[in-house]
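Visitor: I would like to learn how to read the packing of helices and a few local features in a model such as this one. Could we go through it together, with the general idea stated before each case?

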Amino acid sequence: MDNISSIIKKAQDDLFPELEKKIRLELQKKDKDWLIDQIIYLTCERHSLHEQKNKLENMKNRLARINKIGYDDQALTNFVDTYRKISRDDLQASGLLVNPPHMGLATIEPYQRSKKGEALLEKAQDILYLALYGDQTINVNLTRGQEEILTIILPQSKSDSLFFLKAVTEVNASGTWQDPDGISNDDHTNNVGLQVEFGDHKTGTIGMAIFVALNLINLLHVNEQIFYARMEKVERSSLQSL
């Protein structure tokens, strides 16, 4: 007995020869270079190569910006002093955020940030990157001593917001948080835990800069009501000198 699936398949089979004929006729009108470009584009799209290329380009630009400016302990202290108390209301009042979605819902898109908002997000991402990984090869001179592990928990659907992090361990977890307003419950949400080991200053200034940068990234892009992050000291690690 026929069902809806078999009916649809039969209709597709009947239409395919005519569709193929029309496509062939249209392609025959195109020149060789155009056809080659389209094949390359479709191949790259199928294997997500365009996205990989964009990420590599973004990282190249990030490293160039960091290297050009240069960062030391005082630069991170200045960053913390400037942005540690900033709030979503501050960002909206100053026009850096424009009609963003309710916190806990969708991520904030570029069109919902002004140029200054986009620049501040870029700066926060740069600070997070250099605080975790920066060294003299990219003109970053931070006093590191205590090894720490940073753990970040966020929805799987938003984990790509931190695509620029490297050497990250991912752990799947199920959310259980309930929004008192009933708007953005996290119950049974597919979450992911990201863990990164880094060297902190003995006074914790690098760790504080990481927290401030993460808060800005959340306010300007990730858009979670509860953006969970913690740091723990590492007593012994293979990354430490013996």
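Visitor: In which hand of crossing, left-handed or right-handed, does α4 pass α7?

Guide: This is a predicted model, and in it α4 passes α7 in a left-handed crossing. As a general idea, two packed helices are described by the angle between their axes and the distance between the axes. Here the axes of α4 (residues 73–83) and α7 (residues 205–222) come within 9 Å and cross at roughly 45°.

Visitor: Which residues of α4 and α7 meet?

Guide: From α4 come Leu76, Phe79, Val80 and Tyr83, and they meet Ile206, Met208, Ala209, Val212, Ala213 and Leu216 of α7. Sorted by class, the residues of this contact are 10 nonpolar, with no polar and no charged ones.

Visitor: How many aromatic pairs are there in the whole structure?

Guide: A search of the whole structure finds 2 aromatic pairs. One of them is formed by Phe79 and Tyr83, whose ring centres are 5.3 Å apart and whose planes stand at 50°, so this pair is tilted. Planes have to be under 30 degrees apart to count as stacked and over 60 to count as edge-to-face. Both residues belong to α4, where they are 4 residues apart, about one turn of the helix. Phe79 and Tyr83 are both buried, and both are also among the α4 residues that meet α7.

Visitor: At what angle do α6 and α7 pack, and how far apart are their axes?

Guide: The two helices pack at an angle of about 145°, and their axes are 9 Å apart. The crossing in which α6 passes α7 is left-handed. On the α6 side the contact includes Leu120, Ala124, Leu128 and Leu132, while on the α7 side it includes Ile206, Ala213, Ile217 and His221. By class, this contact has 15 nonpolar and 3 polar residues, and no charged ones.

Visitor: Turning to the loops, where does Thr107 lie, and is Thr107 buried or exposed?

Guide: Thr107 is placed in the loop between α5 (88–93) and α6 (115–133). With a relative accessible area of 19%, Thr107 is buried, because the cut-off for that class is under 20%. Leaving aside neighbours within four places in sequence, Thr107 is in contact with Pro101, Gln112, Lys158, Ser161, His221, Val222 and Asn223.

Visitor: How many helices and strands does the protein have, and what percentage of its residues count as buried?

Guide: The protein has 7 helices and 6 strands, and of its 242 residues 36% count as buried. Among contacts between residues at least 6 apart in sequence, 74% join residues at least 24 apart.

Key
Residues are numbered from 1 along each chain as its sequence is written. This is a predicted model: local features need pLDDT of at least 70, side-chain atom pairs count only at pLDDT 80 or more; totals for chains, interfaces and linings use all residues. Side-chain values use heavy atoms; hydrogens and water are left out. Rings of Phe, Tyr and Trp (its six-membered ring) pair if their centres lie within 6.5 Å; planes under 30 degrees apart count as stacked, over 60 as edge-to-face and the rest as tilted. Buried means under 20% relative accessible area, exposed over 50%, partly exposed in between (1.4 Å probe, protein chains only). Axes are lines fitted to C-alpha atoms, for helices over the stretch in contact, and angles run from 0 to 180 degrees between N-to-C directions. A crossing is left-handed if the near helix is turned anticlockwise from the far one by less than a right angle, and right-handed if clockwise. Contact means heavy atoms within 4.5 Å. Ala, Val, Leu, Ile, Met, Phe, Trp, Tyr, Cys and Pro count as nonpolar, Asp, Glu, Lys and Arg as charged, and the others, Gly among them, as polar.
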